[in-house]
Amino acid sequence: MGDVAEIVGGGTPSTKKSEYWNGNINWFSPAEIGNQIFVSHSQKQITELGLMKSSAKILPAGTILFTSRAGIGNTAILTRNACTNQGFQSIVPYSNKLDSYFIYSESAKLKRYGKTMGSGSTFTEVSGKQMKKMSLHIPNINEQAKIGNMLKILDQTITLHEEKRQQLERLKSALSQKIFADKSGYPSVRFKGFGGKWDQCKLGNVGTFRGGFGFPENEQGNIDGIAFYKVSDMNDSCNTLTMRKASNYVTSSQISKNKWKPILNQNIIFAKVGAAVYLERKRKAMGPFLLDNNMMAFQPKDADIDYIYYVFQRLRISKHAQVGTLPSLNASELRNITIYIPSLNEQKAVADLMVSLDHTVILYDFKLELLKKLKSSLLQHMFI
């Protein structure tokens, strides 16, 4: 590393005099690094006098800020002159020898090296001397620039998709506050053609709750038959909105032998027992399926399943958990939860909008997964 870049440590004034701070020189701390690729403005600024009273140096744009203490190896590319505190050993590429984005793309390797070489009794730290000794395999500067530029474009595309996904989540959250009725019985925003007050009712009047069955370990492990869902199945990325995959399936002979009664229709399912109750995860499940005894299902009657699903998303059912050795939900308690129901047509209109937003979010999740896999593959095959 020392052949192609200068390694520069940071520094902090030895005293906290007011004249050292609130200047115009950006001064980064390790906590600010790692959540974004490019950084330009720090939370604190130091004065010229403060800089003189520290061991810090001005770092030029293009420097890779590298945290060298607890939390070793977080990186970011500096886009304007700045300095850092003593928690850094930053990489300043030599012109025509090292491309900033090329070496930034080796962040995982830099972090591994820093953690391996770090030492210290009070706290773990990697020194500038150790960073200079890091062995690198690099092509000529022109090839570095081409590789770096391609990865930069890919990272920018990933960032753009992440921002769009976040915008959709914010839109979904805002709409959810407005298109469902509040305690007045009226929503703040309404689709054209609908009016009147929504009906106030108890969940027990809208549908029925049903618990699951004991699932002996010797009955588990089949890959064919009817899905037998466990709480852990809700963690699967395939089951974001609707349950599409189970870890266990059971055959008709198992169902008959154990006298299990499969749920035949669409239901909303959720954890009934244990810490998972507080995670507030609810999913739609298509029949036929079975649940283990740590789960519960709710089947609407004369109501749109998608609308009820989004009603459940808004409910904090964990507030109704009975606290004991294990928290648990009781159907008799849940039946008394008050909700608001519009006409069936308005239910469908509300649900269709929410489903559309959720499907778009899932699409961005899928694109992001593909882009990140592409980046991972490129990093494995384009670097030594």
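Contact here means heavy atoms within 4.5 Å.

## Model and conventions

This is a predicted model: local features need pLDDT of at least 70, side-chain atom pairs count only at pLDDT 80 or more, and totals for chains, interfaces and linings use all residues. Residues are numbered from 1 along each chain as its sequence is written, and side-chain values use heavy atoms, with hydrogens and water left out.

Helices (H or I, at least four residues) and strands (E, at least two) are DSSP runs, numbered from the N terminus. Buried means under 20% relative accessible area, exposed means over 50%, and partly exposed lies in between (1.4 Å probe, protein chains only).

## T242 and its neighbours

T242 sits in the loop between β11 and β12 (249-250). Its relative accessibility is 11%, so T242 counts as buried. Leaving out residues up to four places away in sequence, T242 touches K284 and M286.

K284 also takes part in a salt bridge, with D306 as its partner. The term means a side-chain nitrogen of Lys or Arg within 4 Å of a carboxyl oxygen of Asp or Glu. For K284 and D306, the closest N and O atoms are 2.6 Å apart. The pair links distant parts of the chain: K284 is in strand β14 (residues 282-285) and D306 is in helix α8 (residues 305-314), 22 residues apart. K284 is buried, at 9% relative accessibility.

## Other salt bridges

The whole structure holds 14 salt bridges. One of them joins the side chains of D155 and K375, at 2.8 Å from N to O. This pair also links distant parts of the chain, with D155 in helix α5 (residues 141-178) and K375 in helix α10 (residues 344-382), 220 residues apart. D155 is buried at 5% relative accessibility. K375 is partly exposed at 24%.

K257 pairs with E219, the closest N and O atoms being 2.7 Å apart. K257 lies in helix α7 (residues 252-258), while E219 lies in the loop between β10 (207-211) and β11 (226-229), 38 residues away. K257 is exposed, at 56% relative accessibility. E219 is buried, at 7%.

## Helices α5 and α10

Two packed helices are described by the angle between their axes and the distance between the axes. The axes of α5 and α10 come within 10 Å and cross at roughly 160°. Axes are lines fitted to C-alpha atoms, for helices over the stretch in contact, and angles run from 0 to 180 degrees between N-to-C directions.

The two helices are therefore roughly antiparallel to each other. The cut-offs are under 35 degrees for roughly parallel, over 145 for roughly antiparallel and 65 to 115 for roughly perpendicular, with the rest oblique. α5 passes α10 in a left-handed crossing; that is, the near helix is turned anticlockwise from the far one by less than a right angle, whereas clockwise would be right-handed.

## Nonpolar cores

A nonpolar core is a set of buried Ala, Val, Leu, Ile, Met, Phe, Trp, Tyr and Cys residues joined through side-chain atoms within 4.5 Å. The largest has 41 residues, of which F209, F270, F298, Y307, I308 and I339 touch the most other members. Elements that each supply at least two residues of this core include α5, α8, α10 and β13 (267-271). F209 has contacts beyond four places in sequence that include F270, F298, M296 and L334.

Another core, of 28 residues, lies apart from it, and I7, F66, V126 and L151 are among its members.

Q347 is in helix α10. It is buried, with a relative accessible area of 2%. Beyond four places in sequence, Q347 touches A303, D304, Y307, I341 and P342.

F383 is in the segment after α10 and is buried at 10% relative accessibility. Its contacts, not counting residues up to four places away in sequence, are F102, S105, E106, I147, L151 and L378.

## Backbone exceptions

Most residues other than glycine have a negative phi, and most peptide bonds are trans. A cis peptide bond joins G287 and P288, with omega about 0°. P288 lies in the loop between β14 and β15 (289-291).

N96 is not a glycine, yet has a positive phi of about 65°. N96 lies in the loop between β8 (89-93) and α2 (100-104) and is exposed, with a relative accessible area of 63%. K259, also not a glycine, has a positive phi of about 60°. K259 is found in the loop between α7 and β13 and is exposed at 69% relative accessibility.
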